[in-house]
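This report describes a structure made of several protein chains. Please keep the sequence and the model in view while reading.

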Amino acid sequence: MMPLLTTKDLSRSFGGLRAVDGVDFALMPGEIRAVIGPNGAGKTTFVSLVSGRIQPSSGTIIFDGADITSLPAYARVRLGIAYTFQITSVFANLSAYDNVALPVQRTLTDSRSKGAVHTGVMAALERTGLADWAQMPAGQLSYGHQRLLEVAMGLALKPRLLILDEPTQGLADSEIDNFIELVREIADSATVLLIEHNMPVVMQLADRITVFNAGRILAEGTPEQIRANAAVQDAYLGTTHG
Amino acid sequence: MHFGPHLLLAALEGLVTSAVLALTALGLSLVFGVMRVVNVAHGEFFMLGAVLAWAISTAISGHPALGFLAALVLAPLIVGLIALLAERLVLRRLNYNPEATIVATIGMLYIIQQLALTFYGPEARPVEPPFSYRILLPWFGYSGYKLSIIAASALLLVATWLVLTRTKIGLIMRATQYDSETAQAFGIPVTRVYAGVFALGAMLAAVAAVLIVPISQAHYLMGQDPLLLSFIVVIIGGLGSLRGTVVAAVLIGLSDGIISVFFSPTLAKIIATLLVAMVLVFRPQGLFGTASR
Amino acid sequence: MKDASPAKPYALHLGVIALLFALSFVLPEYHHGLLARIMVLAVFAMGYNLLFGYVGLLSLGHAMFFSAGLYGAGLAVIHLGWSVSAAFAAGLACGALLALVIALLALRTSGVAFMIVTMMFAQVFYLVILYLAAWTGGDQGMVVPQSMRVLVLGSTSLDLTNPTVRYMSALALFSIVLLISLAIVRSGYGRVLVAIRENEERTKMLGYDTFSNKLAAVIVSGTICAGSGAAYALLFGYVGSSFASVQYSILPLLWVLLGGAATTLGPLIGTLFMYYVIDVASGYTSAYLLIVGIALILLVLFFPKGILGSIRQRWLGWLP
């Protein structure tokens, strides 16, 4: 099977610092991949390169067989790469409804039909359990609901690859359980690339795990393999969770 | 007159323009550099300086130099006070938000201009120069006072430069410019620095106006051209760069002087404004500046 | 909220149009003329509001779009002898073309640089009008001859110098632009514009080419302002360089701030209010710029949402 996403020798430096350093990465369709690593390991920079928010210094990015390295971010979103932000950045002054309507109306072929937009928006809101709050300004939602709204917006893009940047940060334990359910559902129709610090979440969700350290891939494997990997324990698990 | 002397005359006139422009633009540049405020009312502070110079010098009898010297000291001080008041009452309350302050300074522009029209009137009035010595060149005589403007401006520019680079006040200003939050955390009274910088910027414009008024006349609309030219200088010179500002002022002043001798002044303004807009679009850090933060 | 109930906003807007129509028959002559002028200028403000209020782009150069329409239409009549409708179309075309060129350049910048760049382009436009005095009449301006100001529609011809015809033409233009802007604001495109204002980076990550959306907004805004200028030339018969000066870039900003940015009816209310304040004040003082200045400062200090913006926030959430 052909990978959905491949990066070849992907690098990005800021000043003298090589935040992402020659990364070769492949993601198969349908999998849930977690990316873990200590702070400053280059995880967020890596997914920002994939989503097109920043340009690489060198290397190539291939999505579904096509070279997308020089495509602007919005064009990548149109190809099916959706990115949900680490820091919640919903449109605070717009209603939850309007927040979701933005991605919905763009993915519809007939965006002028208000009925079709409405159906799509309510479907995404119901799937994330936000339907009751549709008319509330997003900035007045609770933090957990704002995170869910982010996901609803990502879902509404009908992505083929959904990138979630620390989605459970700041969520309560009960909210996290619901969240894990939601990501499993999403994975039925999309490939998921997940940056996550919460190891129980990672171990429950991920099919495979990629460990970043100092801008490079340190290890890659199934959750069991990663758990057993001594180098990973030294670099990451041992220091932050030991 | 032959071409050579003609060019020399144009160059001298251009240098006088440059000298005044450098001071005015420096004020605008300081305010933008430190406070991130685009002061659209800057030209009106210039105009106020000239109008006050007329009022002060006509109020003082005796040798014209007396009145002029009094104006040179008092007019900038009064303008500085007015600027301080505007800063306290308006800009600070807007939290120095860049867009809101532009709208507010546009409001100040209209208020100052209209008050000047009401109290000073629509006439253009001259101020007598402090001395009227003429330097005789082989081809034409040239006003000694005009040359003294160039000298005075150079002196003031050097003084400002020394204050900015060699004193504690300058250090505090640069620290605030670089990062106002950190400066605040280190105990620098940021709001007082802002007030001082805004007043200083206005005073520089006022000094420039007092210097130029004996050769140009005071008028309530005279602030418009200096404002536009200062914008041009600050944009070309690169924001917040003292050296860039002076270089650009000389460049613009000379080319303005020389171009307007040979071309229609309107055409010269059209070309200059268009070029500067293009600089801002394609090279926002200015022609001499390095990439901005 | 926007999809809650489409009936109320449309009813309100049609009601306002009906009210303006009815006023034509009861207003005394002086106010009748004034209101016609205000409606034309409110169109200018609505065009400005589309860009400033909804997209969040603060231009300080919209006088150039107004005067592109003003001169485009006026000079087409004066020099080329075009009919009123052809001249109006010429004004619109001039505005749209200018807006396209300006947008391609100015949209490379943002924030304060955008404000200064638009101001400078407008200044260039103003100076060009002065420079081409042989064609434009320079700072004296030019009068559009009364005999040429006749709108021919099929077999009927309407004399635009007649006060009632003038009022109704102004109202027609105003109503069309009001309903267009209501439709834009309530459409998916309007939602994208607001999203760009709130967070452009995020909007890109939802797959929107924000540059193209902004480009389209500048062109629509510029064309509406040009429509106002063209109507001004044809209805009131005068084209002059003062309409291209920086003051006429500031005035729509003031009207929109006063009425309420990002409200569809705010531009009308702001223009109406400011015009009457100046009208009343000019009975006491000639210093109307003073009032403009004070109003600007008071608005940004104490009332940044404007009249309708505050009403929407407090009481009427459904107001578009």
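## Chain B: overall make-up

In this predicted model, the secondary structure of chain B consists of 11 helices and two strands. Read along the sequence, the elements follow the pattern α-α-α-α-β-β-α-α-α-α-α-α-α.

How does the radius of gyration of chain B agree with that of a compact globule? For 293 residues, a compact globule would have a radius of gyration near 19 Å, and chain B has 19 Å, so the two agree. The C-alpha trace of chain B spans about 60 × 45 × 35 Å along its principal axes. Of the 293 residues in this chain, 44% count as buried. Among the contacts in chain B with a separation of 6 or more, 77% are between residues 24 or more positions apart.

## Two packed helices in chain B

Two packed helices are described by the angle between their axes and the distance between the axes. In chain B, the axes of helix H9 (residues 224–237) and helix H11 (residues 265–282) come within 10 Å and cross at roughly 40°. The crossing of H9(B) past H11(B) is left-handed.

Which residues make this contact? From H9(B) come Ile232(B), Ile235(B) and Ile236(B), and from H11(B) come Ala272(B), Val276(B), Val279(B) and Leu280(B). By class, the contact of H9(B) with H11(B) has seven nonpolar residues, no polar ones and no charged ones.

## How the chains meet

Two pairs of chains touch, and the most contacts are found between chains B and C. Chain A and chain B, in contrast, do not touch, and their nearest C-alpha atoms are 14 Å apart.

The contact between chains B and C takes 33 residues from chain B and 31 residues from chain C. On the side of chain B that touches chain C, helix H4 (98–120), H9 and H11 of chain B each supply at least two residues. The largest share of that side, 16 residues, comes from H4(B). Divided by class, the side of chain B that touches chain C has 24 nonpolar, six polar and three charged residues.

## The four-stranded sheet of chain A

Strands of a sheet pair through backbone hydrogen bonds, either parallel or antiparallel. In chain A, four strands form an open sheet in the order S2-S1-S4-S5, with antiparallel pairing. Strand S2 (17–27) and strand S5 (66–67) of chain A stand at the edges; each has a single partner strand, so one side of each is left without a neighbour in the sheet.

Strand S4 (residues 58–63) of chain A pairs with S5(A) in the antiparallel sense over two bridges. Here Ile62(A) stands opposite Asp67(A) in S5(A). Helix H1 (residues 43–51) of chain A packs on this sheet and touches strand S1 (5–14), S2 and S4 of chain A. The direction of H1(A) makes about 60° with that of S2(A).

## The six-stranded sheet of chain A

Another open sheet in chain A has six strands in the order S6-S7-S8-S3-S9-S10, and its pairing is mixed. Its edge strands are strand S6 (81–84) and strand S10 (216–221) of chain A, each of which pairs on one side only. The twist averages 20° from one strand to the next.

Strand S3 (residues 32–36) and strand S9 (residues 208–213) of chain A run parallel and are joined by four bridges. The bridge partner of Ile36(A) in S9(A) is Val211(A). H1(A) packs on this sheet too, touching S3, S6, strand S7 (161–165), strand S8 (191–195) and S9 of chain A. The direction of H1(A) makes about 150° with that of S7(A).

Definitions and conventions. Residues are numbered from 1 along each chain as its sequence is written. Chains are lettered from A and ligands numbered from 1 in the order in which they are written. This is a predicted model: local features need pLDDT of at least 70, side-chain atom pairs count only at pLDDT 80 or more; totals for chains, interfaces and linings use all residues. Two residues are in contact if their C-beta atoms, placed from the backbone, lie within 7 Å. Axes are lines fitted to C-alpha atoms, for helices over the stretch in contact, and angles run from 0 to 180 degrees between N-to-C directions. A crossing is left-handed if the near helix is turned anticlockwise from the far one by less than a right angle, and right-handed if clockwise. Ala, Val, Leu, Ile, Met, Phe, Trp, Tyr, Cys and Pro count as nonpolar, Asp, Glu, Lys and Arg as charged, and the others, Gly among them, as polar. Two strands pair if DSSP finds at least two bridges between them. The radius of gyration is taken over C-alpha atoms; the globule rule is 2.2 Å times the number of residues to the power 0.38. A residue is buried if 20 or more other C-beta atoms lie within 10 Å of its own, exposed if 12 or fewer, and partly exposed in between; C-beta atoms are placed from the backbone.
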